[in-house]
Amino acid sequence: MKKLIGYLLSPVFYLFFLLILIIFQPIQWLCYKVSYRAHKKSVDALNFFLTYCQFALGNSITFINEQHLPVDRPIIFIANHQSMYDIPGLIWFLRKHHVKFISKIELTKGIPSISFNLKYGGGANINRKDRKQSIGEIIKLGRRMHENNWSAMIFAEGTRAKDGMMKRFHVGGIATLLKINPNALVVPIAIENSWKVVQYGSFPLSTGESLKWTVLPPVATEGKSLDEITLAAEMAIREKLQQPLPL
């Protein structure tokens with residue numbers, strides 16, 4: 001039934017989604033010319049609308065953050081990754097933390113609003129075929145975090161879990177950012193059910209799903225190696241999602 005309804009509602013969703021991207025492209029450009037603050041406000045508004053586009057599919061949005069996180073120090077958020085629909089909610093609900101993403105450089109071209117923000121928003125755009133360039137971009141992001149008290153979002157699996165089952169976390173990007181920002185807070189986020197939106201592919205999208213983000217307690221980092229910190233974040237998310245380590 002969800003798939004059948006998806007055939008009816010997916011065109012409506014995509015129409016709204018595309019219109020929002022097109023409308024915010026010139027808005028972002030104008031705001032970027034004014035100041036970083038103005039540009040960020042436009043990006044926040046963009047992702048508010050992209051997040052709640054899910055209502056067109058009958059999907060619900062739940063963001064739980066019971067943590068009292070500081071805004072005067074960098075935070076490295078570590079999350080599992082299920083679909084592109086993970087991202088707008090993270091940007092909107094964590095907007096006071098100035099969260100920046102590590103993205104494929106290919107995404108900086110061709111997508112209204114999204115490509116513009118990736119190119120000029122302060123994140124790291126990496127070429128996965130060029131290790132030196134990738135590390136350099138992440139180092140630059142780490143320095144911007146240090147200088148501006150920005151935060152970063154790491155999808156530590158390195159790719160999307162299309163069936164919702166987590167893959168093992170990689171330490172690389174986390175290690176680089178922590179070396180530059182040793183005082184950064186490490187905060188896991190568990191993402192649930194966004195993979196179900198695209199369980200049939202890009203068309204039809206699924207309907208009646210419950211998308212959920214949960215901010216978990218910060219990971220204690222003192223006296224731990226980078227591998228131990230990464231594993232602790234992974235295990236916190238696995239516990240929330242009730243997914244054991246793969247054999």
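## Close-up views of a predicted model

**View 1. L118 and the residues around it.** L118 has its place in helix 4. (Helices here are DSSP runs of H or I with at least four residues, strands are runs of E with at least two, and both are numbered from the N terminus.) This is a predicted model, so local features need pLDDT of at least 70, side-chain atom pairs count only at pLDDT 80 or more, and totals for chains, interfaces and linings use all residues. Residues are numbered from 1 along each chain as its sequence is written, and side-chain values use heavy atoms, with hydrogens and water left out. Because its relative accessible area is 15%, L118 is buried. (Buried means under 20% relative accessible area, exposed means over 50%, and partly exposed is in between, with a 1.4 Å probe and protein chains only.) Leaving aside residues up to four places away in sequence, L118 touches S103, L107, T108 and N125; contact means heavy atoms within 4.5 Å. S103 is 15 residues from L118 along the chain, and their C-alpha atoms are separated by 7.6 Å.

**View 2. Helix 2, end to end.** Count along helix 2 and you get 17 residues, reaching 24 Å from the first C-alpha to the last. That is close to the 24 Å expected at 1.5 Å a residue, where the expected span is 1.5 Å times one less than the number of residues. The buried residues of helix 2 are A38, H39, K40, S42, V43, D44, L46, N47, L50 and T51. Their packing partners are helix 1 (2-34), strand 1 (60-65), helix 3 and helix 4 (114-120).

**View 3. Helix 2 meets helix 3.** Here the axes of helix 2 (residues 36-52) and helix 3 (residues 86-93) come within 8 Å and cross at roughly 135 degrees. (Axes are lines fitted to C-alpha atoms, for helices over the stretch in contact, and angles run from 0 to 180 degrees between N-to-C directions.) That angle makes helix 2 oblique to helix 3. (Angles under 35 degrees count as roughly parallel, over 145 as roughly antiparallel, 65 to 115 as roughly perpendicular and the rest as oblique.) Helix 2 passes helix 3 in a left-handed crossing; left-handed means the near helix is turned anticlockwise from the far one by less than a right angle, and right-handed means clockwise. On the helix 2 side, look for V43, D44, N47, F48, L50, T51 and Y52; on the helix 3 side, P88, G89, I91, W92 and F93 make the contact. Sorted by class, the residues of this contact of helix 2 with helix 3 are eight nonpolar, three polar and one charged. (Ala, Val, Leu, Ile, Met, Phe, Trp, Tyr, Cys and Pro count as nonpolar, Asp, Glu, Lys and Arg as charged, and the others, Gly among them, as polar.)

**View 4. Helix 5 meets helix 6.** The axes of helix 5 (residues 131-148) and helix 6 come within 9 Å and cross at roughly 40 degrees. That makes helix 5 oblique to helix 6, and their crossing is right-handed. I138, I139, L141, G142, R143, M145 and H146 in helix 5 sit against G173, T176, L177 and I180 in helix 6. The contact of helix 5 with helix 6 has six nonpolar, four polar and one charged residues.

**View 5. Helix 6 meets helix 8.** Between helix 6 (residues 172-180) and helix 8 (residues 226-241), the axes come within 10 Å and cross at roughly 120 degrees. Helix 6 is therefore oblique to helix 8, and passes helix 8 in a right-handed crossing. From helix 6 come I174, A175, L178 and K179; from helix 8 come L226, I229 and T230.

View 6. Most residues other than glycine have a negative phi, and most peptide bonds are trans. H98, in the loop between helix 3 and strand 3 (99-104), has a positive phi of about 55 degrees although it is not a glycine. S113, in the loop between strand 3 and helix 4, also has a positive phi, about 65 degrees, and is not a glycine. H98 counts as partly exposed at 25% relative accessibility, whereas S113 is buried, with a relative accessible area of 0%. A cis peptide bond joins F203 and P204, with omega about -5 degrees; P204 lies in the loop between helix 7 (194-197) and strand 7 (210-215).
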